[in-house]
Amino acid sequence: MPITEADIEKIAQLAHLEITREQRLIFAPQMAEIVSYVEQLNEVDTSNVEPATGGLTPEGERTESSREDATAPSLGQRVALEEAPDPASGHFRVPKVL
Amino acid sequence: MPSTFDNIATVQARIVSGDVTARAVVESALEAAEGLNDTLNAFLQIDRSGALQRANEIDESIKRLVKTAAAAPALTHGALTGVPIAIKDNICVRGLQTSCGSHILGDYHPPYNATVIERVLGAGAVIIGKTNCDEFAMGSSNENSAFGPVKNPWDTSRVPGGSSGGSAAAVAAGIVPVALGSDTGGSVRQPASLCGVVGLKPTYGRNSRYGLVAFASSLDQVGVFGGNVRDVATVLGVIAGRDEHDATTADVPVPQYVAQLTTDVKGTRIGFPRALFGEGLDAEVRTSVEDVVETYRELGAEIVDVELPHASYAIAVYYIIATAEASSNLARYDGVRYGFRAEEAHELRAMYKRTRDEGFGPEVKRRIMLGTYVLSAGYYEAYYHKAQQVRARIKEDFSRAFASCDAIITPTAPTPAFLIGEKVDDPLAMYLNDIYTVTANLAGVPGISVPCGVSPAGLPVGFQLLGPYWSEPALFRLGHAYEQARHFTARSKIHA
């Protein structure tokens, strides 16, 4: 399934990326080559193979990782807003949705 | 004051005994970092005032402890007391800018320390700066940084490898004895090999990823660079272990890595995957690594044939899974809560798109799009699901191989350091640099790269050892035994 410019446009929409026409002309053949390369996985017989989800080792799987549902100190509103591009009245202010 | 470091145990002992001040050691590292940065571009930020302040605090606390004791006791100070360390710029250090080699984080200063940072600071280390890296850890040459490439100290027309190129160069050039990086597909081991230093990626879940900016969450691990295996083992002992902030860390006790370090490898079975030493491997690298096998034979190890039948598919699996996870992890960079926000965008979605278009570099965009594509409706089964199944096969390959050996030896990288600009226009050619390293991330096994030679062109070559889960002690022993037998003493052209 070769990747077309139309595919790139759709993918860019999904990924909230604004891709210019110039960028599309460069990316399309590069991505087509990569996709073509990864399609060699079709050579591998994976019938009845359970997919490996995540990276946990068996010891990692066995590690208890839940905690008490109790509140604990966290960043706090002031610190959380310190790096915000446009903080306002304790909120992250953003352009409106049209 | 030596401008290079024997090993951090010596440096720490001299500081703790008052023989030398932390200030002098740190000042030396800062001068080297500043002096070499125009040439190497290894550091994005050098924190002179913070580092000296901390060094002074350490010297004060040592003086106080000595005064209050009847006789100078064995001071229990952390294993890294006064030791200068460099940190890859995708690991959060409170109060220092974290850029991840990207414009999209703008002037971001994390309000918290990564857990690995809390631990190195708790052991007395002095962070002298943040190192340059490929943008969001995506790359094998450090040419994808928004702030210019890092130069290899062995030949500044060549790449140091990536994505942790800055950390590798800083250790290779003798600026710091140890550095932290991150390894998702080889980003510690491959630059270690290209820069002639030791680089470790531990077992998945050995270290906390809390505060490591996420690229691919099932593959990422913080890794360690050092000039020798003992120093890398020392740092791992400090940062390893369960962390309640990272649910993927495993509840496995941390061994006394340095105490267990011997040179006895008699009877250790080393797996030799002959099929991986064929086509595509530079002849000089092949010879170098085959010589390592002979050295292990001389040291009494047993060499056994092993197979990793699905290794040739590892790059394909990696560039589906890693990009898919990256497309999810990088969705948070949208100009809302931190970092750069594009101006001139008067509507929310336009703001997202323009911020991400202006903030991300081409490789990051490429990978986000690839990841989005393989996860999208209609393609998920064909690509992502399939890749996860082949990943399971790769894990099985390792289990089977480790039934007959204690570690597997491979080259770390298929070639020595290549020229800056040589592979930037061919993403797939660039991806193939990871051919020996990605399997470890996919399977979750630990891997270490150790220098084993210098090519006729004067470029370092490294070999890689892969081991079963939690086998870092065995990898350290094997690496240490090799070092003691072969004494790799070559130095880079550019050094402190």
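Leaving aside neighbours within four places in sequence, Val317(B) is in contact with Leu41(A), Ala387(B), Val390(B), Arg391(B), Ile394(B) and Leu442(B); contact here asks that the C-beta atoms of two residues, placed from the backbone, lie within 7 Å. This is a predicted model, where local features need pLDDT of at least 70, side-chain atom pairs count only at pLDDT 80 or more, and totals for chains, interfaces and linings use all residues. Residues are numbered from 1 along each chain as its sequence is written, while chains are lettered from A and ligands numbered from 1 in the order in which they are written.

Val317(B) also turns up in the largest nonpolar core, which has 169 residues; Val317(B), Ile85(B), Ile320(B) and Met369(B) touch the most other members. Such a core is a set of buried Ala, Val, Leu, Ile, Met, Phe, Trp, Tyr and Cys residues joined through C-beta atoms within 7 Å, and buried says that 20 or more other C-beta atoms lie within 10 Å of a residue's own. H9(B) gives the core its largest share, 11 residues.

Now for the helix H9(B) itself. Helix H9 (residues 314-329) of chain B packs against helix H11 (residues 362-375) of chain B at about 100°, with axes 7 Å apart. (Helices are DSSP runs of H or I with at least four residues, strands are E runs of at least two, and both are numbered from the N terminus. Axes are lines fitted to C-alpha atoms, for helices over the stretch in contact, and angles run from 0 to 180 degrees between N-to-C directions.) That makes H9(B) roughly perpendicular to H11(B), a label for angles of 65 to 115 degrees. Among the residues making the contact are Tyr319(B) and Ile320(B) of H9(B) and Arg367(B) and Ile368(B) of H11(B).

What about the other chain? 60 residues of chain B are in contact with 45 residues of chain A. On the chain B side, H9, H10, H11, H12 and H13 each give two or more residues, and H12(B) has the largest share, with 11.

Chain B also holds an open sheet of 11 strands, in the order S1-S3-S2-S4-S6-S5-S10-S11-S9-S7-S8, with mixed pairing; two strands pair if DSSP finds at least two bridges between them. Strands S1 (43-46) and S8 (302-305) of chain B stand at the edges with a single partner strand each, so one side of each lacks a neighbour in the sheet. From one strand to the next, the twist averages 30°. S7(B) and S8(B) pair in the parallel sense over 4 bridges, and Gly271(B) stands opposite Val304(B) in S8(B).

Terms used. Parallel < 35°, antiparallel > 145°, perpendicular 65-115°, else oblique. Buried ≥ 20, exposed ≤ 12 C-beta atoms within 10 Å, placed from the backbone.
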